[in-house]
Amino acid sequence: MMGKVAVVTGGTRGIGRAISLALAGEGMSVLAPYARNRRAADELEEEARAGGLDIVGLRGDLSREAAFRRTVDTIRERAETVDVLVHAAATGVHRPIEELTPKHLRFTFETNVFAIHALLRELLPRMPAGGRVVGLTSSGATRAFPAYAAVGGSKGALDALFRHYAVELAPRGIAVNLVCPGAVRTGALDAMPDTEERIAVAEDGTPTGRLTTCEEVARVVLFLCGDDASQIIGQTIVIDGGRAVTA
Ligand SMILES: NC(=O)c1ccc[n+]([C@@H]2O[C@H](COP(=O)([O-])OP(=O)(O)OC[C@H]3O[C@@H](n4cnc5c(N)ncnc54)[C@H](OP(=O)(O)O)[C@@H]3O)[C@@H](O)[C@H]2O)c1
């Protein structure tokens, strides 16, 4: 992976941050678009510099046209080729159906679904054979959780979209897959209603008895980006301590 380029959306916080560090740790140059938390990006860049890693945060909300264009232009200026594209950025409105307006739903889909489609279209001409596209999905794509309709719906759409990307791009030598973590302690989890209760339920229902870590998810993404994974196409790799298969 030495000298290759990765774009990791949401690559400055939580799971995306760990993915940026894992890919950069293998010698990749990482461009990490994020929405607005400059401090998190600065801290990551500083940590990367201290460790001799190449990670640059790109500030700009990918759901907004002007910021999206700026981000794409910067990526093009910095990278002739993009070998890896990871979509870790996600947002969402957590409300019960009565309170969930179409506007909330659109807001959620803009980042979680439409932004990656737009970005992939822009970067595809720069993706060589051997390229990788990895999306982060969640169990809400296939199961129902309280106040999770918007994000769960967006993840279901992402899953279907990625299956189609996978089949269409495999003949070009580009492998597309999804990673589905169980609950991971990040800002996203903290933003949900009843966080501590949800964590307790998740831990109780997980055979390993604990939550998944950002670093564990990052290592799965790293594997999918490596040469050994070139024949894995259109799959969703679940990393959740066995929660999804528990009765
Ligand atoms: N945490 C979990 O339990 C869990 C479980 C299953 C799946 N996942 C999935 O894993 C992925 C990462 O989750 P996380 O918990 O690590 O999230 P997180 O800690 O909330 O980090 C989200 C990242 O996405 C960026 N972002 C959000 N909206 C954006 C936009 N419109 N444009 C550009 N960047 C944007 C954020 O930027 P700012 O820092 O500027 O806000 C931040 O860097 C998500 O796809 C999530 O659905 C998470």
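K103 sits in helix α4; helices here are DSSP runs of H or I of at least four residues, strands are E runs of at least two, and both are numbered from the N terminus. K103 has 9 C-beta neighbours inside 10 Å and therefore counts as exposed. The cut-offs are 20 or more other C-beta atoms within 10 Å for buried, 12 or fewer for exposed, and partly exposed in between, with C-beta atoms placed from the backbone. Between the C-alpha atoms of K103 and A229 there are 39 Å, and the two residues are 126 apart along the chain.

Two points on provenance. This is a predicted model, in which local features need pLDDT of at least 70, side-chain atom pairs count only at pLDDT 80 or more, and totals for chains, interfaces and linings use all residues. Residues are numbered from 1 along each chain as its sequence is written.

Back to α4, residues 102-123, which packs with α5, residues 149-169, at an angle of about 25° and with the axes 9 Å apart. Axes are lines fitted to C-alpha atoms, for helices over the stretch in contact, and angles run from 0 to 180 degrees between N-to-C directions. So α4 and α5 are roughly parallel to each other, the term for angles under 35 degrees. On the α4 side the contact includes H104, L105 and F109, and on the α5 side it includes V151, L158 and L161; contact requires C-beta atoms, placed from the backbone, within 7 Å. By class, the residues of this contact are 8 nonpolar, 6 polar and 1 charged. Nonpolar means Ala, Val, Leu, Ile, Met, Phe, Trp, Tyr, Cys and Pro, charged means Asp, Glu, Lys and Arg, and polar covers the others, Gly among them.

Next, the backbone. Most residues other than glycine have a negative phi. A147, not a glycine, has a positive phi of about 60°. A147 is in the loop between β5 (132-136) and α5, and is partly exposed, with 18 other C-beta atoms within 10 Å. D194 also has a positive phi, near 55°. D194 belongs to the loop between α6 and α7 (195-204) and is exposed, with 12 other C-beta atoms within 10 Å.

Last, the ligand. Which residues come nearest? Of the 30 residues around the ligand, they are G10, G14, N37, A90 and A188, where a residue counts as near if its C-beta atom, placed from the backbone, lies within 6 Å. Elements giving two or more residues to this shell are α1 (14-25), β2 (29-34) and α6 (187-190). The shell divides into 15 nonpolar, 12 polar and 3 charged residues.

Key:
Parallel < 35°, antiparallel > 145°, perpendicular 65-115°, else oblique. Contact = placed C-beta atoms within 7 Å.
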